[in-house]
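This report describes selected local features of one protein chain. Please consult the sequence and the structure shown here before reading on.

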Amino acid sequence: MIKPVSIKTLKPYKIQVKFNDGIEGIVDLSHLKDGEAFRCWQTPGIFEKAYIEGEAIAWNDNLDIDALTLYLQITGQTFADFVAKQKSHA
């Protein structure tokens, strides 16, 4: 199971994530900021309050992003590639 172990928010709307398998990288989330669910990020200081909540990166009780989505972006894998790789290591 892929889990985030540390995060650091970067400006503007970027997040650095390290996972329990040692994979680490930066994801640009700026394409989400204008979406209705993410508008709270436009309030100064809100984006920087990101925290790890289980297997997600969260900003509050109503807003989170599944860490696997970020992992796939960092590694350049599709979900199908990820599943196949996990099965081959099982």
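## Charges, backbone and aromatic contacts

The structure holds one salt bridge, a term that denotes a side-chain nitrogen of Lys or Arg within 4 Å of a carboxyl oxygen of Asp or Glu. The model is a predicted one, in which local features need pLDDT of at least 70 and side-chain atom pairs count only at pLDDT 80 or more, while totals for chains, interfaces and linings use all residues. Residues are numbered from 1 along each chain as its sequence is written, and side-chain values use heavy atoms, with hydrogens and water left out.

The salt bridge is formed by Lys33 and Asp34, with 3.3 Å between the closest N and O atoms. Side chains of opposite charge can pair when their charged atoms come close. Lys33 is partly exposed at a relative accessible area of 24%, and Asp34 is likewise partly exposed, at 48%. Here buried means under 20% relative accessible area, exposed means over 50%, and partly exposed lies in between (1.4 Å probe, protein chains only).

Glu53, Glu55, Asp61, Asp64 and Asp66 form a negative surface patch. Such patches are made of residues with over 30% relative accessible area and no salt bridge, like charges being joined within 9 Å and nonpolar side chains (Val, Leu, Ile, Met, Phe, Trp, Tyr) within 5 Å. Helices (H or I, at least four residues) and strands (E, at least two) are DSSP runs, numbered from the N terminus.

Which residues are joined by a cis peptide bond? They are Lys11 and Pro12, with omega about -10°. Pro12 belongs to the loop between strand E1 (4-10) and strand E2 (14-19). Tyr13, found in the loop between E1 and E2, has a positive phi of about 60° although it is not a glycine. Most residues other than glycine have a negative phi, and most peptide bonds are trans.

Tyr13 is buried, with a relative accessible area of 18%. A search of the whole structure finds eight aromatic pairs. Rings of Phe, Tyr and Trp (its six-membered ring) pair if their centres lie within 6.5 Å; planes under 30 degrees apart count as stacked, over 60 as edge-to-face and the rest as tilted. Two of these pairs involve Trp41, as tabulated below.

| Pair | Centre to centre | Angle between planes | Class |
|---|---|---|---|
| Tyr13 and Trp41 | 6.1 Å | 25° | stacked |
| Trp41 and Trp59 | 4.9 Å | 55° | tilted |

Because Trp41 lies in the loop between E3 and E4 and Trp59 in strand E5, their pair ties together parts that are 18 residues apart in sequence. Trp41 and Trp59 are both buried, Trp41 having a relative accessibility of 3%. Ring pairs link Tyr13, Phe38, Trp41, Phe47 and Trp59 into a cluster.

Gln86 lies in helix H2 (residues 79-88) and is partly exposed at 35% relative accessibility. Its C-alpha atom is separated by 24 Å from that of Ile7, 79 residues apart along the chain.

Notes:
Accessible areas come from the Shrake-Rupley method with a 1.4 Å probe; for residues, only the protein chains shown count as cover. Lys and Arg count as positive and Asp and Glu as negative; His and the chain ends are not counted. The place of a charge is taken as NZ of Lys, CZ of Arg, CG of Asp or CD of Glu.
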